[in-house]
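I opened my notebook to look up how one chain folds and packs.

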Amino acid sequence: MNQKPNMREMKPFIWIRLRLTVLCLTLCFLLGAPPAARADEILVCAAASLTDVLRDLGKAYQSKSKHKILLTLGPSNFLARQIDEGAPADMFFSADLAQMDLLEKNGRLEPGTRKNLLSNQLVIVVPADSKLAIASPKDLLKPEVKKIALADPAAVPVGVYTSKYLADEGLWEKLKSKVVPVLDVRATLASVESGNVEAGFVYKTDAAISKKVKIVYEVPTDRGPKITYPVAIIKESKKKEAARDFLNHVISPAGKAAFKKYGFVVFD
C-alpha cells in the first residue's frame, strides 16, 4: 500500500535544492552568462589587401552574433609562417595558394574547410597629381621613373605575382634595380600616396580605396598571373564552431556581395 510522502522529512531536501539553484544562478550572474552563451573571440589572420572588406564583414557579423571578430592583417607569407610555428589563429585568409598549400601540407588546416573564394587584378598606380605618362609596364623604364614600390617580390604574394608578370614580359631584370621592397600591398600604397616613389604595383581593390593615387595601367587578366585568395579554418583552433559560423557568413550571399562591393572577383 502506497504511503504519502512525509513533507516534514522532505523539507530539508527541498531547502538544499533551492539553495543549490540560487547558487547556480548567482554564479551565472557573476560570470556574465552561462557557458553555452558565452561569446568567443575569433582570431582571423588575413592578407593586408582584405583589410577594409573584412572589417565591414566583421562588424556586420558581430551585429547579429554573440561572437567577436579579431583581425590580424599583414603579408600572407608572414602570417602563414607564424601559424605554422604555432601562433594562435582560428581562420586564415591568404592572398595566394602557396601559403595555404604550405599550411595544408604541414597539417595545419581543418580538413574540409579550405575554399578558394576570390580573385583580384594587378595595377600600376602613381600619385594622384603625377604627370608621368605610363601607358604600359615598359614605360616604367623611363629615366623619370626612379623608384617603384613593391611588396617583397621574393615572398609577399602581390610582389611574387608582379615579379612573375614582369619576368614574363621580359622586364623584370631591367626594372628590379628600381624596385623598393616594402612590407605589403598597403605599404606600397602608402609609399605611392606619399610621393616617395614614382609608381607602384598594387591590387586593383587597394587602389580603389585611395584618393591619393590613380591607376595608370591595369594588367590584363588574360596575361597577368592568376590571383587566388583561399580561406580555411586552422586545425589547432579551440573555437572551430564559432570559426565555422563566421566562415559561413563570409561565403554567404551577403558576404560575397561585400567582396564585390570592394572590387574583388568572387568565385561561384
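**Ground rules.** I am working with a predicted model, where local features need pLDDT of at least 70, side-chain atom pairs count only at pLDDT 80 or more, and totals for chains, interfaces and linings use all residues. Residues are numbered from 1 along each chain as its sequence is written, and side-chain values use heavy atoms, without hydrogens and water.

**Whole chain.** I found ten helices and eleven strands (DSSP runs: H or I of at least four residues for helices, E of at least two for strands, numbered from the N terminus). Of the 268 residues, 45% are buried, meaning under 20% relative accessible area with a 1.4 Å probe, protein chains only.

**Core.** Which residues touch the most other members of the largest nonpolar core? I noted Leu50, Phe93 and Phe259, out of 64 residues. Such a core joins buried Ala, Val, Leu, Ile, Met, Phe, Trp, Tyr and Cys through side-chain atoms within 4.5 Å. I also noted a second, separate core of eleven residues, including Cys45 and Ile234.

**Helix pair.** I looked up H2 (residues 51-62) and H10 (residues 253-261), which pack at an angle of about 150° with axes 10 Å apart. The axes are lines fitted to C-alpha atoms over the stretch in contact, with angles from 0 to 180 degrees between N-to-C directions. That angle makes H2 roughly antiparallel to H10 (over 145 degrees). Val53, Leu54, Asp56 and Leu57 in H2 meet Gly255, Ala258, Phe259 and Lys261 in H10; contact means heavy atoms within 4.5 Å.

Definitions and conventions. Buried < 20%, exposed > 50% of the residue type's maximum accessible area, 1.4 Å probe, protein only. Parallel < 35°, antiparallel > 145°, perpendicular 65-115°, else oblique.
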